[in-house]
Amino acid sequence: MPSLNRIIMHRKSRKMIEGLDPPNLRVAEISGKWGEQFDFAVYDQYRYPEFDICEGPIRDGEGKPRKYDLVMANQVWEHLDRPYAATRHVRQMLKKGGHFWVAVPFFIPFHAAPNDCSRWSARGLKNLLIEAGFAADAVTSWQWGNRQAALRNMEEVWPPEYDADSDPLDDDPEMPICAWALARRT
């Protein structure tokens with residue numbers, strides 16, 4: 001059963017990424033596997049601790065940053081000690097016109113894996129991306145949540161599994177559970 005916290009974010013993000021023409025994309029995913037569902041031309045996964053995006057971009061054999069059409073990070077950035085540096089490193093890895101898709105929690109319990117450091121709303125996530133060098137008009141961000149989902153996140157068993165019969169998916173802008181953004185390198 002999928003997590004309630006990710007239903008809307010995954011639905012909207014899937015459409016967004018499908019709109020980028022996956023079969024023609026060279027993609028890197030940072031410490032995740034959400035991208036496995038797409039039929040990308042190239043799909044590379046980089047996992048912590050073997051690779052630490054805070055330390056620098058992924059490099060090729062000549063020491064230059066590897067270039068991608070899309071870099072993905074799903075529920076990773078909240079765990080980073082230096083998310084601003086990591087975001088600048090991702091930007092270095094993007095081809096001109098390439099995209100960075102990032103999704104983060106907002107209102108969920110502390111979950112150190114190995115750390116739990118940051119939370120962003122949609123506006124905060126957009127600000128992070130702008131401060132890391134993305135043009136303001138090349139960043140779009142969203143958030144989703146409601147009070148029922150927030151209450152479900154307080155349950156002892158976490159994360160809450162989505163129940164279509166009892167979990168409303170309406171959005172309350174005053175109660176974000178998660179945020180996500182798509183930034184394009186101009």
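Q: Does Glu 62 count as buried or exposed?
A: First, a heads-up: this model is predicted, local features need pLDDT of at least 70, side-chain atom pairs count only at pLDDT 80 or more, and totals for chains, interfaces and linings use all residues. Numbering runs from 1 along each chain as its sequence is written, and side-chain values use heavy atoms, leaving out hydrogens and water. Buried means under 20% relative accessible area, exposed means over 50%, and partly exposed is in between, with a 1.4 Å probe and protein chains only. Glu 62 comes in at 65% relative accessibility, so this residue counts as exposed.

Q: Which side chain meets Glu 62 in a salt bridge?
A: A salt bridge needs a side-chain nitrogen of Lys or Arg within 4 Å of a carboxyl oxygen of Asp or Glu. Glu 62 has such a partner, with N and O 3.8 Å apart, and that partner is Lys 64.

Q: How many residues apart in sequence are the parts that Lys 95 and Asp 69 tie together?
A: Helices (H or I, at least four residues) and strands (E, at least two) are DSSP runs, numbered from the N terminus. The side chains of Lys 95 and Asp 69 form a salt bridge, N to O at 3.5 Å. Lys 95 sits in strand 4 and Asp 69 in strand 3, so the gap in sequence between the parts they tie together is 26 residues.

Q: Where does Asp 172, the salt-bridge partner of Arg 147, lie?
A: The closest N and O atoms of Arg 147 and Asp 172 are 3.5 Å apart.

Q: Which residues touch the most other members of the largest nonpolar core?
A: A nonpolar core is a set of buried Ala, Val, Leu, Ile, Met, Phe, Trp, Tyr and Cys residues joined through side-chain atoms within 4.5 Å. The largest one here has 29 residues. Those touching the most other members are Ile 30, Ile 53, Val 71, Trp 77, Phe 100 and Val 102.

Q: What covers the buried residues of helix 2?
A: Look at helix 2 and you'll find buried residues including Pro 83, Ala 86, Val 90 and Met 93. The cover over the buried residues of this helix includes strand 1, strand 3, strand 4 and helix 3.

Q: How many disulfides does the count come to?
A: A disulfide is a pair of cysteine sulfur atoms within 2.5 Å. The sulfur of Cys 54 is 8.5 Å from the closest cysteine sulfur, in Cys 117, which is too far for a bond. For Cys 178 the closest is also in Cys 117, at 19 Å, again too far. By this rule, the number of disulfides is zero.

Q: What is omega for the cis peptide bond that joins Ala 113 and Pro 114?
A: Most residues other than glycine have a negative phi, and most peptide bonds are trans. Pro 114 is found in the loop between strand 4 and helix 3. The bond joining Ala 113 to Pro 114 is cis, and omega is about 0°.

Q: What is the positive phi of Asp 21?
A: Find Asp 21 in the loop between helix 1 (7-18) and strand 1. Asp 21 is partly exposed, with a relative accessible area of 37%. Although Asp 21 is not a glycine, its phi is positive, at about 70°.

Methods
Contact means heavy atoms within 4.5 Å.
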